[in-house]
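Thank you all for coming; I would like to walk you through one structure this morning, slowly and starting from a single residue. Please have a look at the sequence and the model before I go on.

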Amino acid sequence: MSAEHLLDQLERYYDTVPRAAARVEDFGSLTLFVREGAGWPYYARPALRADAPPPTVSDVLAVRARQRELGAPEAFEWVAETTPGLREAVEASGLVVHAHPLMAREGGALGEPHPLVRILSAQDPFLAGALALPHVAFAHPGTAVGTAGAAELTAEIAARATDGALPGYQDRIRAGQVVVAAAVENGVVLSSGLHLPVGDVTEVAGVGTLPAARRRGLGLAVTSALVAHAVASGVGTVFLSAGDDDVARLYARLGFRPVGTALIASGP
């Protein structure tokens, strides 16, 4: 598959996935996805229309105003190679843009499954922990071992017990729209992640490890389990965005190769 065809495939994927749980608002060159119900908030990205105009600062500012009105994060996500003019417009609006390696899997062996890692069913008792864990992991960025562990995860689970997100994820798992994997040891979820299949394409996302359990290879093992599940399900294109170049080198062990640059901008 050519690089151009792959990026076109990813653009269609990026435009499709949020529509299962969000409504769409158009702002000229941009599409704003507004989540319906509980769960991770969505973002704005380039409009996937043949007649979409080039990105402008005024479109970015209009989206940001609408996000503030909705109480949603002022967030934008896109691929640098596909929409090169958007970064200048977003930065001109006052936001900071972060670049991440965009990688797709070319193939190769995944190795033996990790004994602590499994795919979770909709009724798995550790599903709530697997969904809460990224909130703890991403609040303590980096790959160094930290102190946040089981107590912090328990508090996060309790804080999210009534937000309504769990039933929604259970429905999407049953429908095959979300696949969640987790590493569980002594009754505690130590690492988790998910993939989101749409037809022949899926993205591995939200992979995180409790800081206290880092440097054990669990994040890579969770990713490997998700890739194995996707491949066994007949998915042809598996991709992800790495946090940085160091993380990208880890994903390279699973057969992922750089195909572009994922850009993320967020506001105050």
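This is a predicted model: local features need pLDDT of at least 70, side-chain atom pairs count only at pLDDT 80 or more; totals for chains, interfaces and linings use all residues.

Let me begin with Glu-25, which is found in strand 1, residues 22–27, where strands (E, at least two residues) and helices (H or I, at least four) are DSSP runs numbered from the N terminus. Residues are numbered from 1 along each chain as its sequence is written, and side-chain values use heavy atoms, with hydrogens and water left out.

Is Glu-25 buried or exposed? With a relative accessible area of 15%, Glu-25 is buried, given that buried means under 20% relative accessible area, exposed over 50%, and partly exposed in between, using a 1.4 Å probe and protein chains only. Leaving aside residues up to four places away in sequence, Glu-25 touches Leu-30, Thr-31, Leu-32, Val-34 and Arg-66, a contact being heavy atoms within 4.5 Å. The side chains of Glu-25 and Arg-66 are also joined by a polar contact of 2.8 Å, that is, a pair of N or O atoms within 3.5 Å, of which, within protein, one must be able to donate a hydrogen and the other to accept it, with residues adjacent in sequence counting only if both atoms are side-chain atoms.

Let us now follow Arg-66. Arg-66 forms a salt bridge with Glu-69, with the closest N and O atoms 3.0 Å apart; a salt bridge here is a side-chain nitrogen of Lys or Arg within 4 Å of a carboxyl oxygen of Asp or Glu. These two residues are separated by about one helical turn, because they lie 3 residues apart in helix 2, residues 57–70. Arg-66 is buried, at 19% relative accessible area, whereas Glu-69 counts as exposed, at 61%.

The structure holds 17 salt bridges. Another of them is between the side chains of Arg-160 and Asp-163, at 3.9 Å from N to O, and there Arg-160 is partly exposed, with a relative accessible area of 32%, as is Asp-163, with a relative accessible area of 32%.

I turn now to the nonpolar side of the model. The largest nonpolar core has 61 residues, and those with the most contacts inside it are Leu-102, Val-180, Phe-239, Tyr-251 and Phe-256; such a core is a set of buried Ala, Val, Leu, Ile, Met, Phe, Trp, Tyr and Cys residues joined through side-chain atoms within 4.5 Å. Apart from this core lies another, of 16 residues, among them Ala-44, Phe-76, Leu-86 and Ala-265.

Finally, consider strand 5, residues 96–105, which is mostly covered, with 7 of its 10 residues buried.
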